[in-house]
Amino acid sequence: MGFNQLLFLWTAVFPIAVLLYYFFRKKYAKQPVSSTLFWQEVMRETKASPYLQHLQRNALFYLQMIAMILLVFALLQPFWKTKALAGEQIVFVVDTSATMEVETENESTLFEEHKKQMRELAESLSGKPLTIITTGNEPIVVVRAETNIDQIKSEIEKLEVSYEEENMSKSLDFAQSFFQHKATSVYIFTDVLDRKELPLQYENVSWNIEGLTSEVANLSMKRFGATKTNTGISALIQLENQSDKEQITELSIANEQKNLLKENVTIPPNETITLSFDELAESTFLKASLSAKDGYALDNTMTVFMQDQLSKVFIDSGLHSLVRTAFQAMDIEVSSVPTEQIGLLAEEGIVVTNQFGLLDQLDRPHLFIGRNDVNALEVNGAVQTTEHPLFSFANLSDIYVSGVYPAIQGYTTIATVGDVPFMQVSPRGDIVVLADIQMTDWPLHPSFPLFMWSVKEQLSAGNTYLGTFTPNERKPQSLGSAVSEWEIYTLDDSYQYSIENGGAFIAPKKPGLYVLRSNDVEKNFAVSLSQKEKEIVKGETYKVSGEQVEMSENYSQHSFVPYILLLLLLLFVIEWEVQRRRGFTS
């Protein structure tokens with residue numbers, strides 16, 4: 001408690017003067033009067049206690065003295081202090097990555113501990129504006145310069161773990177846009193953050209880091225892969241012990257029907273081991289699990305789909321070099337193969353050629369650009385396309401085509417030049433472009449590499465497996481026409497959300513296996529934690545300023561004056577009532 005205006009202490013002379021006045025006021029001697037006029041009043045006086053008699057006779061005096069003392073007290077402007085957050089504004093940077101699900105010593109997750117701390121800090125805002133930013137690939141402003149405590153607490157309660165990498169450097173860069181040359185206190189709620197990562201060039205900014213301060217003995221499944229062989233399925237698993245003690249755990253591998261194996265595994269402290277298993281039963285997918293009772297369960301399970309993935313593209317060297325350039329522009333692995341060796345390829349991959357005679361020799365769908373068995377015909381007209389996944393990102397309406405090869409009977413036409421077929425798809429899935437690249441200006445348009453990328457996605461594994469994504473990952477997918485609606489489900493048919501009207505594909509946030517459905521079409525994909533989110537490291541809680549100097553605690557003042565004024569008002573009412581009952585002339 002303190003006083004802001006000790007200068008007004010001199011006003012204490014007023015209650016002292018009133019006190020002296022009562023000492024020197026005129027006094028009257030008691031005189032018995034032989035009359036029954038005041039008998040009833042005398043009887044009431046005799047029944048009252050001596051203390052009450054004293055108060056009754058001197059009530060006005062005490063009320064006036066208390067009022068005078070309170071007035072003096074109010075002039076001194078008394079206040080009490082509570083701990084407050086330093087700075088003109090406050091910024092919370094909240095880590096929502098998967099590692100926030102680690103359990104602490106209080107048997108709750110680190111994220112819940114952080115939310116509790118945020119609620120407590122919100123009580124100490126003292127009217128200062130608060131901004132809350134969540135981390136991720138795209139930092140999000142949850143609350144901007146908010147002063148309403150109830151609204152702030154409500155938004156804090158709604159915060160959830162997003163399971164993606166925190167990208168703290170990007171989040172800190174984003175947070176700097178809110179400083180605006182104001183004294184700012186930034187609170188970062190994360191697991192571990194090195195002081196070197198903080199932008200300490202701001203002299204008016206203090207940094208308060210709330211990290212993971214307890215040790216966590218974590219067992220992590222770093223990698224899990226499987227491939228089909230002649231004798232079944234071979235699996236490879238990498239396990240890591242992130243503690244200082246040897247750990248023994250049970251490893252199990254299961255498919256969609258049953259457990260395929262269970263094995264006790266011993267992992268030395270701070271070591272990584274690799275295990276291999278052969279001749280596993282044929283399966284649609286495999287799920288590996290650790291029965292470890294550690295403080296972080298998210299990295300104890302991994303799942304893989306058993307799908308053939310063709311990641312390599314073999315291009316006929318006789319084709320125009322721009323075909324190869326288009327694939328390379330989309331970061332696709334490409335190999336150039338001499339024309340005479342195209343039919344002799346033993347390695348699995350997507351073949352791009354114009355050797356139409358190889359169609360029956362290739363055991364899976366491929367891309368044909370042009371034809372070497374017939375002559376081209378001159379055409380004139382605009383390119384028109386049907387609703388097909390290959391054109392989800394590639395718009396061909398503005399390209400020029402001077403000639404095309406004759407169409408193939410029995411193939412489905414998906415693009416035309418005027419009324420003449422330009423692109424076709426075979427019954428088994430081969431994609432045929434009925435023109436040489438030299439016959440078009442297509443390479444000059446952005447749709448050219450985008451179409452080649454869609455071809456790779458279409459031909460890879462029959463396009464039934466989208467691949468593995470990290471939580472909330474945004475990745476372009478050739479899903480279909482712009483009017484198609486796709487729905488995402490878990491393997492147990494739990495609906496997640498829909499992708500409508502050609503919307504961008506965003507992976508779910510929780511790791512696991514999912515199915516993308518549209519009518520009778522299904523595409524499988526997996527969501528897995530990034531390797532960074534499988535490492536649990538002990539952090540620390542610390543405070544630094546822009547000059548790396550630890551800041552002292554800050555307090556806010558709360559005045560007693562409003563409460564004193566309310567009490568004075570009550571005293572004035574009581575005093576008026578005393579005067580009224582006694583009579584103002586007495």
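I take a helix axis to be a line fitted to C-alpha atoms over the stretch in contact, and the angle between two such axes runs from 0 to 180 degrees between N-to-C directions. I note at the outset that this is a predicted model.

**Entry: helices H4 and H5**

I looked up how helix H4, residues 110–122, packs with H5, and found an angle of about 175° with the axes 10 Å apart. Angles over 145 degrees count as roughly antiparallel, and H4 and H5 are therefore roughly antiparallel to each other. On the H4 side I listed Lys115, Met118, Arg119 and Ala122 as making the contact, and on the H5 side Ile149, Ile152, Lys153, Ile156 and Glu157.

**Entry: salt bridges**

How many salt bridges does the structure hold? I recorded 13. One of them joins Glu157 to Arg119, with the closest N and O atoms 2.5 Å apart. This pair links distant parts of the chain, since Glu157 belongs to helix H5 and Arg119 to helix H4, 38 residues apart. I found Glu157 partly exposed at 43% relative accessibility, and Arg119 partly exposed at 26%.

I next examined Glu166, which forms a salt bridge with Lys532 at 3.3 Å between the closest N and O atoms. Glu166 sits in the loop between H5 and H6 and Lys532 in the loop between strands S29 and S30, so the pair ties together parts 366 residues apart in sequence.

I then turned to Glu535 and Lys222, whose closest N and O atoms are 3.6 Å apart in a salt bridge. Glu535 is in the loop between S29 and S30, whereas Lys222 is in strand S8, residues 219–229, and 313 residues separate them. Glu535 is partly exposed at 40%, but Lys222 is buried at 6%. I noted that salt bridges with shared partners join Lys222, Glu240 and Glu535 into one network.

**Entry: positive phi values**

Asn167 has a phi near 45° and is found in the loop between helix H5 (149–158) and helix H6 (168–175). Its relative accessible area of 22% makes Asn167 partly exposed. Asp493 has a phi near 65° and lies in the loop between strand S26 (486–490) and strand S27 (495–499).

**Entry: a nonpolar patch**

Which residues make the nonpolar surface patch of about 250 Å²? I recorded Leu567, Leu570 and Ile574. Leu567 lies in helix H9, residues 561–582, and is partly exposed at 39% relative accessibility.

Notes: Residues are numbered from 1 along each chain as its sequence is written. This is a predicted model: local features need pLDDT of at least 70, side-chain atom pairs count only at pLDDT 80 or more; totals for chains, interfaces and linings use all residues. Side-chain values use heavy atoms; hydrogens and water are left out. Patches are made of residues with over 30% relative accessible area and no salt bridge: like charges are joined within 9 Å, nonpolar side chains (Val, Leu, Ile, Met, Phe, Trp, Tyr) within 5 Å. Accessible areas come from the Shrake-Rupley method with a 1.4 Å probe; for residues, only the protein chains shown count as cover. A salt bridge is a side-chain nitrogen of Lys or Arg within 4 Å of a carboxyl oxygen of Asp or Glu. Helices (H or I, at least four residues) and strands (E, at least two) are DSSP runs, numbered from the N terminus. Buried means under 20% relative accessible area, exposed over 50%, partly exposed in between (1.4 Å probe, protein chains only). Angles under 35 degrees count as roughly parallel, over 145 as roughly antiparallel, 65 to 115 as roughly perpendicular and the rest as oblique. Contact means heavy atoms within 4.5 Å.
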